Amino acid sequence: ADITALPEPLRAEVTTMLRTAYRSRLADADMLATARSAVALLAAAPIAGAGLDARIARALDFIRARIRGPIALADAAAAAALSPDRFRHLFVHQTGAAFRTYVLWSRLNVAIERSMAGDSWTEAAHEAGFADSAHLSRTFKRMFGINPATLVRDPDEPGA
């Protein structure tokens, strides 16, 4: 996969953001918003309403609708009515991330959302298109530097 190490300052910033949110015992909705912000920061995701090209917006909808299964660049390009080469270029320009990286971040986001909604990590992994929870854990640790289980809330905590 086309995965590179995160620069230490970015990794530290996101880790601190997530730890602070967790330790602050935020309500689920606020914790989910923090997790989404962290993933968006790491993926350099576009800000909603920031002039996103309609073709790329269609491709992002295509990705979200098919997150549980394989997603080929050629299929997303077809959904955007672009050639794969033009799509690849425009996708990076609009999102700030390569296609495969964006899909991977999207899968991680879905897994975090599902876990915070009460799914087990195995269920969350399957909902996000990972083969199993071990695949999710390896990817999560490689991307964030921590094990996803550290995000699990104690059911007795406020807001859980």
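**A buried leucine and what surrounds it**

Tutor: Let's start with Leu 108, which counts as buried at 0% relative accessibility. This is a predicted model, where local features need pLDDT of at least 70 and side-chain atom pairs count only at pLDDT 80 or more, while totals for chains, interfaces and linings use all residues. Residues are numbered from 1 along each chain as its sequence is written, and side-chain values use heavy atoms, with hydrogens and water left out.

Student: Why is Leu 108 called buried?

Tutor: Buried means under 20% relative accessible area, exposed means over 50%, and partly exposed is in between (1.4 Å probe, protein chains only). Leu 108 has 0%, so it is buried. Across the protein, buried residues make up 39% of the 160 residues.

Student: Where does Leu 108 lie, and what is it in contact with?

Tutor: Leu 108 sits in helix 6. Helices are DSSP runs (H or I, at least four residues), strands are too (E, at least two), and both are numbered from the N terminus. The protein has eight helices and zero strands. Contact means heavy atoms within 4.5 Å. Setting aside neighbours within four places in sequence, Leu 108 touches Phe 130, Leu 136, Thr 139, Phe 140, Met 143 and Phe 144.

Student: What makes a group of residues a nonpolar core?

Tutor: The members are buried Ala, Val, Leu, Ile, Met, Phe, Trp, Tyr and Cys residues, joined through side-chain atoms within 4.5 Å. The largest one here has 45 residues, and Leu 108 is among those with the most contacts inside it, as are Ile 63, Phe 87 and Phe 144. Helix 6 supplies the largest share of this core, 10 residues. As a general point, nonpolar side chains tend to be buried together in soluble globular proteins.

Student: How do you know that helix 3 and helix 5 are roughly perpendicular?

Tutor: They pack at an angle of about 90°, with axes 10 Å apart. The axes are lines fitted to C-alpha atoms, for helices over the stretch in contact, and angles run from 0 to 180 degrees between N-to-C directions. Under 35 degrees counts as roughly parallel, over 145 as roughly antiparallel, 65 to 115 as roughly perpendicular, and the rest as oblique. The pair is therefore roughly perpendicular.

Student: Which residues make that contact?

Tutor: Helix 3 brings Arg 55, Ile 56, Ala 59, Leu 60 and Ile 63, and helix 5 brings Phe 87, Leu 90, Phe 91, Gln 94 and Thr 95.

Student: What makes Glu 127 and Arg 68 a salt bridge?

Tutor: A salt bridge needs a side-chain nitrogen of Lys or Arg within 4 Å of a carboxyl oxygen of Asp or Glu. For Glu 127 and Arg 68 the N to O distance is 3.7 Å, and they meet in a salt bridge. Glu 127 is in helix 7 and Arg 68 in the loop between helix 3 and helix 4, 59 residues apart.

Student: Are those two residues exposed or partly exposed?

Tutor: Glu 127 has 29% relative accessibility, so it counts as partly exposed. Arg 68 has 53%, so it is exposed.

Student: How many salt bridges are there?

Tutor: The structure holds five. Among them, Arg 55 pairs with Asp 53, the closest N and O atoms being 2.8 Å apart, and Arg 114 meets Asp 119 at 2.9 Å, N to O.
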